[in-house]
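Please open the model in your viewer and keep the selection panel at hand. The stops below are meant to be followed in order.

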Amino acid sequence: MNIADNLAKDLVIHELNASDKGEVLKEMVSTLKDAGLEVDVDNALKVLNDREKLGTTGIGDGIAIPHGKLECLEEIVVVVGRSSEGVDFESLDMQPCKIFFMVLAPEQGAGAHLKVLAHISRQLKDESFRQAFIDTEDKDELLRLLGIA
């Protein structure tokens with residue numbers, strides 16, 4: 001499995017405009033709608049915010065992996081975002097997050113959902129990958145790094 005397996009070019013945001021956790025989630029979910037996916041933005045935000053109430057998905061090392069399940073989806077979708085300034089995502093290490101991978105899965109896709117989360121987590125453990133992600137100059141460079149250029 002590769003990160004690129006669940007990514008599409010139009011679901012990669014090279015520089016997030018958001019400056020807080022709620023705005024990050026809204027910007028990332030809105031990207032799905034902008035890409036033409038039939039997603040109820042308000043419901044998706046509720047699912048993601050409900051998950052955040054259980055515990056932050058800011059896992060440390062500048063990484064957040066917000067995730068949840070939506071009935072309207074037929075397959076897993078991943079939205080990637082980058083913030084060069086960093087955003088307070090209530091991360092476990094109390095550091096701002098710069099790397100965001102939002103994973104939304106169909107209600108009945110628990111096994112695949114967990115595999116995607118695990119694969120993303122493994123890839124993001126590589127410090128050189130994280131630094132290259134943060135240092136990308138433009139969207140094309142980020143797409144190449146993610147393997148979808």
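Predicted model: local features only at pLDDT ≥ 70, side-chain atom pairs only at ≥ 80, totals over all residues.

Residues are numbered from 1 along each chain as its sequence is written, and side-chain values use heavy atoms, with hydrogens and water left out.

**Helix α2**

Select residues 41-54, which form helix α2; helices (H or I, at least four residues) and strands (E, at least two) are DSSP runs, numbered from the N terminus. The 14 residues of α2 reach 20 Å from the first C-alpha to the last, close to the 20 Å expected at 1.5 Å a residue, where the expected span is 1.5 Å times one less than the number of residues.

Now colour Val 41, Ala 44, Leu 45, Leu 48 and Glu 52, the buried residues of α2; buried means under 20% relative accessible area, exposed over 50%, and partly exposed in between (1.4 Å probe, protein chains only). Viewed down the axis of α2, these buried residues fall within an arc of 100°, so they line one face of the helix, the arc being that of the directions from the helix axis to the C-beta atoms. They pack against α1 (21-34), β4 (67-70) and β6 (97-106). On the face turned away from this buried side, α2 carries the exposed residues Asp 42, Lys 53 and Leu 54.

At the N-terminal end of α2, select Asp 40, which caps the helix through a side-chain oxygen 3.1 Å from the backbone nitrogen of Asp 42. Just after α2, Gly 55 takes a positive phi of about 160°.

**The nonpolar cores**

Which residues have the most contacts inside the largest nonpolar core? Select Val 24, Met 28, Leu 32, Phe 100, Met 102 and Leu 104, which hold that place in a core of 25 residues; a nonpolar core is a set of buried Ala, Val, Leu, Ile, Met, Phe, Trp, Tyr and Cys residues joined through side-chain atoms within 4.5 Å. At least two residues of this core come from each of α1, α2, β5 (77-87) and β6, and the largest share, five residues, comes from α1.

Centre the view on Leu 104, which, not counting residues up to four places away in sequence, touches Leu 32, Leu 48, Gly 68, Leu 70, Leu 73, Glu 75, Ile 76 and Val 77, contact meaning heavy atoms within 4.5 Å. Apart from this core lies another, of 24 residues, among them Ile 65, Ile 99, Leu 117 and Phe 133.

**Salt bridges**

The structure holds five salt bridges, each a side-chain nitrogen of Lys or Arg within 4 Å of a carboxyl oxygen of Asp or Glu. Select Glu 15 and Arg 82, whose side chains meet in one of them (2.6 Å, N to O). Glu 15 lies in the loop between β1 (12-13) and α1, and Arg 82 in strand β5, so the pair ties together parts that are 67 residues apart in sequence. Arg 82 is buried, with a relative accessible area of 6%, whereas Glu 15, at 32%, counts as partly exposed.

Lys 21 is in helix α1 and Glu 90 in the loop between β5 and β6, 69 residues apart.

Finish back on α2 with Lys 53 and Asp 50, which lie three residues apart, about one turn of the helix, and form a salt bridge at 3.9 Å, N to O.

Methods:
Polar contact = N/O pair within 3.5 Å; in protein donor to acceptor, adjacent residues only side chain to side chain.
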